[in-house]
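Subject: Structure handover

Hi,

Please load it first, then read my notes below.

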Amino acid sequence: MRGTSQVLGKEEQLAVASVLGCIALIIAFVFGLAACDGGTDDGISDNADTAAEVEAALAALLPPPTNHLIEVTALEVKGSTSTDDLAAPDVDPSTLSAGFGYKAPGAYDTDNPDQWQVASYMWNPGQMVAYQGDTLDLHVFVLNGNTHETRIEDPNGNIVGDVVVMNRGREYDLSANLESAGVYRLICSTHSPTMTAEIVVMPRP
Ligand SMILES: [Cu+2]
């Protein structure tokens with residue numbers, strides 16, 4: 001009888017433990033639903049609340065609006081070689097971008113008619129990154145090229161600030177309030193379209 005009693009006691013304990021486990025699972029499930037539900041019965045507003053919470057969490061991860069002072073240089077890079085090493089390209093220089101240059105054999109160096117040269121104007125850096133709501137100050141120095149007619153365009157193609165004619169050896173300051181997310185552009189129309197830099201503005205929640 002003692003052994004039977006002991007066996008029944010274990011079964012009872014297992015049954016009680018099983019019931020308690022089920023109750024714990026139900027409680028956890030209900031509380032889990034309540035946490036996801038936001039405590040209200042309105043599914044639409046619950047989603048809105050969740051979206052607002054996610055936006056607030058993302059905003060907290062981003063740096064506060066700031067001012068970017070970026071040093072920019074107007075550059076022209078050149079390269080030359082000889083027809084002994086590589087045949088010259090079959091290209092009409094007048095069809096190239098104003099930012100590109102090509103001087104054919106004979107035209108480049110009359111004393112060495114086998115030499116030819118290519119060149120390209122550019123901004124350095126060519127790509128910059130900021131967040132919506134930041135301000136941008138570009139401190140520009142013109143190293144190459146006597147003249148660069150320069151502007152900043154917002155993501156809709158509208159000119160921000162003034163169009164500035166820049167000359168070699170001078171420094172210039174351009175600024176913009178980056179109100180819109182998207183790609184702003186620093187454009188030299190003298191050497192368009194290739195002398196263009198991008199300012200990628202990330203959206204801020
Ligand atoms: Cu230019």
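Confidence first. The mean pLDDT of the chain is 84, and 78% of its residues reach 70 or more. Two residues are in contact if their C-beta atoms, placed from the backbone, lie within 7 Å. Residues 14-40 also have pLDDT under 50, with 6 contacts beyond four places in sequence.

Ground rules. This is a predicted model: local features need pLDDT of at least 70, side-chain atom pairs count only at pLDDT 80 or more, and totals for chains, interfaces and linings use all residues. Residues are numbered from 1 along each chain as its sequence is written.

Overall make-up. The chain has 2 helices and 10 strands. Both kinds are DSSP runs, numbered from the N terminus: helices are H or I with at least four residues, strands are E with at least two. Along the sequence the pattern reads α-α-β-β-β-β-β-β-β-β-β-β. Of the 205 residues in the chain, 14% are buried. Buried takes 20 or more other C-beta atoms within 10 Å of the residue's own, exposed 12 or fewer, and partly exposed lies in between, with C-beta atoms placed from the backbone. Among contacts between residues at least 6 apart in sequence, 68% join residues at least 24 apart.

The sheet. Five strands form an open sheet in the order E4-E10-E9-E6-E7, with mixed pairing. Two strands pair if DSSP finds at least two bridges between them. E4 (127-131) and E7 (159-167) are the edge strands; each has a single partner strand, so one side of each is left without a neighbour in the sheet. From one strand to the next, the twist averages 20 degrees. Axes here are lines fitted to C-alpha atoms, for helices over the stretch in contact, and angles run from 0 to 180 degrees between N-to-C directions. E6 (residues 147-153) pairs with E7 in the antiparallel sense over 6 bridges. Glu 153 stands opposite Ile 159 in E7.

Ala 181 lies between strand E8 (171-177) and strand E9 (182-188). Is Ala 181 buried or partly exposed? It counts as partly exposed, because it has 15 C-beta neighbours inside 10 Å. Leaving out residues up to four places away in sequence, Ala 181 touches Gln 132, Val 201, Met 202 and Pro 203. Its C-alpha atom is separated by 9.2 Å from that of Asp 154, 27 residues apart along the chain.

Best wishes

Methods: pLDDT is the predictor's confidence in each residue, from 0 to 100.
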